[in-house]
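Please keep the sequence and the structure in view while reading.

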Amino acid sequence: DCASVKHIAVKNGDTVLNCLTGSQKISIESLRGPLIVNVWGSWCTTCLAEMPELVSFYSKAKGKVQLVGVAVEEATPEDSRKFIEEHGMTWPNFYDRENVTRSFFGMGVPVTWFIDETGAVTYKKIGIIKSVEELNTLTAKYLGVKI
């Protein structure tokens, strides 16, 4: 449920995204952690390859660290929803319909951001997450949370 994502009030000029599974909206700038933001696309083969690692990680991390997905460069929201259902992504996912996050996240996916409780980006992992152990290590190092 996107309503469960920790954030502060959206301000004018923020990069606003729509929830894929509800009517909530959120801005990237308002997110607060401990939080991991995974930027993905249903068309992306490396995103598909890392999903089992994220699913496994989230089953243990839920309640300690929030995981949020952002679908980018999708043809339709339905493509994203289908991908989420097929791959067991039970965390909140947002949809970037107009590619407004490109200036924030940059080009290319997958990319995984680690955001602390102040909203600061403590680390940006470019490329595929290869294992749950890698996620555990990055979460401990950059968010101070042991899973």
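In β4, which residue is the bridge partner of Val37? The bridge partner is Val68. The structure is a predicted model, in which local features need pLDDT of at least 70 and side-chain atom pairs count only at pLDDT 80 or more, while totals for chains, interfaces and linings use all residues. Residues are numbered from 1 along each chain as its sequence is written, and side-chain values use heavy atoms, with hydrogens and water left out.

Helices (H or I, at least four residues) and strands (E, at least two) are DSSP runs, numbered from the N terminus. Two strands pair if DSSP finds at least two bridges between them. The pairings are listed here.

| Strands | Sense | Bridges | Partner residues |
|---|---|---|---|
| β3 (residues 35–40) and β4 | parallel | six | Val37 and Val68 |
| β4 and β5 (residues 93–96) | parallel | four | Val70 and Phe94 |
| β6 (residues 111–115) and β7 | antiparallel | five | Val111 and Ile126 |

The open sheet has seven strands in the order β2-β1-β5-β4-β3-β6-β7, with mixed pairing. Its edge strands, β2 (25–27) and β7 (121–126), each pair on one side only.

Strand β4 spans residues 66–72, and seven of its seven residues are buried (under 20% relative accessible area with a 1.4 Å probe, protein chains only; exposed is over 50%). Gln66, Val68, Val70 and Val72 point one way from β4, while Leu67, Gly69 and Ala71 point the other way. From β3 the chain passes through helix α1 (residues 45–61) to β4 in a right-handed β-α-β crossover. Right-handed means that, with the strands pointing away from the viewer, the path from the first strand over the helix to the second runs clockwise. A right-handed β-α-β unit is also made by β4, helix α2 (residues 77–86) and β5.

In α2, the residues Pro77, Ser80, Phe83 and Ile84 are buried. Seen down the axis of α2, the buried residues fall within an arc of 125 degrees, so they line one face of the helix; the arc is that of the directions from the helix axis to the C-beta atoms. These buried residues pack against β3, α1, β4 and β5, where contact means heavy atoms within 4.5 Å. The face of α2 turned away from its buried side carries Glu85 and Glu86, which are exposed. Just after α2, Gly88 has a positive phi of about 70 degrees.
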